[in-house]
Amino acid sequence: MKRIADFKVVSIHHICDELFEIEVQCVEKLEHIEPGQFVNVMIPDTRQTFLRRPISICDVDVENNTLRFYIRKVGNGTGKMSNMQTGDSLNIVYPLGKGFDTDSQRPLLIGGGCGIAPLVYLAKNFYAKGIKPAVLLGGKSARFLTLKTYFNGIADVYLCTDDGSEGEKAMVTQHSLMKKVRDFDKIYTCGPQVMMKAVAKVAIEQNIPCMVSLENTMACGVGACLCCVTKTREGHKCVCTEGPVFNVMDLENFAD
Ligand SMILES: Cc1cc2nc3c(=O)[nH]c(=O)nc-3n(C[C@H](O)[C@H](O)[C@H](O)COP(=O)(O)OP(=O)(O)OC[C@H]3O[C@@H](n4cnc5c(N)ncnc54)[C@H](O)[C@@H]3O)c2cc1C
Ligand code: FES
């Protein structure tokens, strides 16, 4: 069930100037969360950042009622979040959207940049069902792949970077694992649109079902403003309520 709740920052870790991880704790018991769902965060001091900002749920700890986010500073909102201190409050609407199914026996998870974040909780959900997924992560350089540690022991991890500083020097679709892509029965991908389109193209060519998580710019996050719509074969749909996860075959011209 969707809820507005106050959370407290319990830790913040600055990976580099651009990237940080933040863990927040709810005073109440967390609602049930599906992998791939997101939150809408009210940024403290709303004069410049009136609208809530959508952020993927990277990880969930139901014992401690905490959520983890992995964030790239791109503007005022994410910049202000990066300046938060332990003990600060954050008002959050969660869980939003329709996430990933875990309807696969041989899943391949492909993430790029901040799109790696929702794959952490997805991999955990597969592992809890007794399935160890393959996870292929791509980034500009090694420092964009720090989330890889969360997959230790729960997934088979494959890495690539643009500059070769970690894993293969390649884009995800050029990684050697992709030569064996037919070993998998479903692909789940999140990351830059150009990366997801390239992954979707391979999936369609190889006839493998593919789920993509879209990050269209959002405002209300609850289906009221229509600013996040995407074209599907059944007409326009709101990414915030009908997505962010879509089967690529339901999207119009996504992989063209
Ligand atoms: C469902 C969903 C999940 C997301 N998950 C994450 C996440 O886990 N981690 C993370 O770092 N970011 C995530 N984003 C993107 C994040 O919401 C934006 O980066 C953030 O809202 C920017 O706010 P800002 O105030 O810092 O920047 P603004 O001042 O609003 O904008 C600064 C720049 O960022 C661009 N920008 C704004 N929104 C987006 C967007 N949605 N996608 C791409 N560029 C954008 C603007 O065009 C502008 O160039 C997600 C977005 C969506 C829709
Ligand atoms: S963000 Fe308002 S309808 Fe989706």
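**Exercise 1.** Which helix and strands each supply at least two residues of the shell around ligand 1?

*Solution.* Keep in mind that we're working with a predicted model.
- Step one, the elements: strands β4 (53-56) and β6 (66-72) qualify, and so does helix α1 (76-82).
- Step two, the residues: the shell has 23 of them, and R53, S56, G75, G77 and T78 come nearest to ligand 1.
- Step four, the domains: domain 1 (3-96) and domain 2 (107-250) each give at least three residues to the shell.

**Exercise 2.** Work out the strand order of the open sheet of 7 strands, and find its edges.

*Solution.* 
- Read across the sheet and the order is β11-β10-β9-β8-β12-β13-β16, with mixed pairing.
- Now look for strands that pair on one side only: those are β11 (168-169) and β16 (245-247), the edge strands.
- Zoom in on one pair: β12 (residues 186-190) runs parallel to β13 (residues 210-213), and 4 bridges join them.
- For a landmark in that pair, find T189, which sits opposite V212 in β13.

**Exercise 3.** Which strands does helix α2 lie across, and what angle does it make with β8?

*Solution.* 
- Start with α2 (residues 117-128): it lies across β8 (107-112), β9 (134-139), β12 and β13.
- Next, take the direction: α2 runs at about 165° to β8.
- Then try helix α3 (residues 193-205), which packs on the sheet and touches β8, β9, β12 and β13.
- Its angle to β13 comes out at about 170°.

Key: Residues are numbered from 1 along each chain as its sequence is written. Chains are lettered from A and ligands numbered from 1 in the order in which they are written. This is a predicted model: local features need pLDDT of at least 70, side-chain atom pairs count only at pLDDT 80 or more; totals for chains, interfaces and linings use all residues. A residue is near a molecule or strand if its C-beta atom, placed from the backbone, lies within 6 Å of it. Domain bounds come from an automatic or database domain assignment. Two strands pair if DSSP finds at least two bridges between them. Two residues are in contact if their C-beta atoms, placed from the backbone, lie within 7 Å. Axes are lines fitted to C-alpha atoms, for helices over the stretch in contact, and angles run from 0 to 180 degrees between N-to-C directions.
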